[in-house]
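User: I am new to this structure and would like to learn how to read it. Please take me through its features one at a time.

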Amino acid sequence: MAELMNIIDLISETHHKLRKDVIDRWCREGNEPVSRSEGHFMARVHIKPASISEIARSMGISRQAAQKCAVSLEDRGFLEIRRFSRNKRDKFPSLTSKGKDYIVKSEAMKNQMEKEITESIGKEKIQVLKKTLMEL
């Protein structure tokens, strides 16, 4: 089946598989379950502080879906949501210590996964793949 897929679909499928593996590893270590969208949301908050609306646009989801995700993460202690303007729609999430812990641990898991992939296919292929993806 993979032979019939184009490069865009292969990258997308692989991305989903790897993200799922990060979440599975996170849960296997006994951590509180975090969905792919919640993990992605926290990563966006970590990378660049922005409003929930801006994060929704960058993730390609509706503002309502992003709001629901943010509220769930806030209720579980991963995020804190602040309002800095009079506009009630402008809500700015920030990571709590629990959210920062998730980021640190998930980055470590991704680094371990990259090491495992490198051992499987070789350092040269990883370097070529990374270089190629950065050029896109």
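**Reading the model**

Analyst: Serine 51 is buried, since its relative accessibility is 6%; buried means under 20% relative accessible area, exposed over 50%, and partly exposed in between, with a 1.4 Å probe and protein chains only. This is a predicted model, in which local features need pLDDT of at least 70 and side-chain atom pairs count only at pLDDT 80 or more, while totals for chains, interfaces and linings use all residues. Residues are numbered from 1 along each chain as its sequence is written, and side-chain values use heavy atoms, with hydrogens and water left out.

User: Where does serine 51 lie, and with which residues is it in contact?

Analyst: Contact means heavy atoms within 4.5 Å. Serine 51 sits in the loop between helix 2 and helix 3. With neighbours within four places in sequence left aside, its contacts are Lys91, Phe92 and Pro93. From C-alpha to C-alpha, serine 51 and aspartate 90 are 6.1 Å apart, though 39 residues separate them in sequence.

User: How many helices and strands does the protein have?

Analyst: Helices (H or I, at least four residues) and strands (E, at least two) are DSSP runs, numbered from the N terminus. Here there are six helices and two strands, in the order α-α-α-α-β-β-α-α from the N terminus on. The C-alpha atoms fill a box of roughly 50 × 30 × 25 Å along the principal axes. Of the 136 residues, 28% are buried. Among contacts between residues at least 6 apart in sequence, 49% join residues at least 24 apart.

User: How do I read the sides of a helix? Which residues of helix 3 are buried?

Analyst: An α-helix has 3.6 residues a turn, so residues three or four places apart point the same way. In helix 3 (residues 52-59), the buried residues are Ile52, Ser53, Ile55, Ala56 and Met59. They lie on the same side of helix 3, because they cover an arc of only 160° around the axis; the arc is that of the directions from the helix axis to the C-beta atoms. These buried residues pack against helix 2 (36-47), helix 4 (63-75), strand 1 (79-83) and strand 2 (91-95). After helix 3 comes glycine 60, with a positive phi near 75°.

User: How is the packing of two helices described? At what angle do helix 2 and helix 5 cross?

Analyst: Two packed helices are described by the angle between their axes and the distance between the axes. Axes are lines fitted to C-alpha atoms, for helices over the stretch in contact, and angles run from 0 to 180 degrees between N-to-C directions. The axes of helix 2 and helix 5 cross at roughly 100° and come within 10 Å. Helix 2 is therefore roughly perpendicular to helix 5; angles under 35 degrees count as roughly parallel, over 145 as roughly antiparallel, 65 to 115 as roughly perpendicular and the rest as oblique.

User: Which residues meet there?

Analyst: Gly39, Met42, Ala43 and His46 of helix 2 meet Gly99, Tyr102 and Ile103 of helix 5. This contact has four nonpolar, three polar and no charged residues. Ala, Val, Leu, Ile, Met, Phe, Trp, Tyr, Cys and Pro count as nonpolar, Asp, Glu, Lys and Arg as charged, and the others, Gly among them, as polar.

User: What about helix 5 and helix 6: at what angle do they pack?

Analyst: Helix 5 (residues 97-121) and helix 6 (residues 123-135) pack at about 120°, with axes 7 Å apart. The two are therefore oblique to each other. Glu114, Ile117, Thr118 and Ile121 in helix 5 meet Lys123, Lys125, Ile126 and Lys130 in helix 6. By class, three residues of this contact are nonpolar, one is polar and four are charged.

User: Is arginine 25 buried or exposed?

Analyst: Arginine 25 is buried, at 17% relative accessible area. It belongs to helix 1 (residues 7-28). Apart from neighbours within four places in sequence, arginine 25 touches Met109, Gln112, Met113 and Glu116.

User: And how does phenylalanine 92 count?

Analyst: Phenylalanine 92, in strand 2, counts as partly exposed at 26% relative accessibility. Beyond neighbours within four places in sequence, its contacts are Ala50, Ser51, Glu80, Ile81, Arg82 and Phe84.
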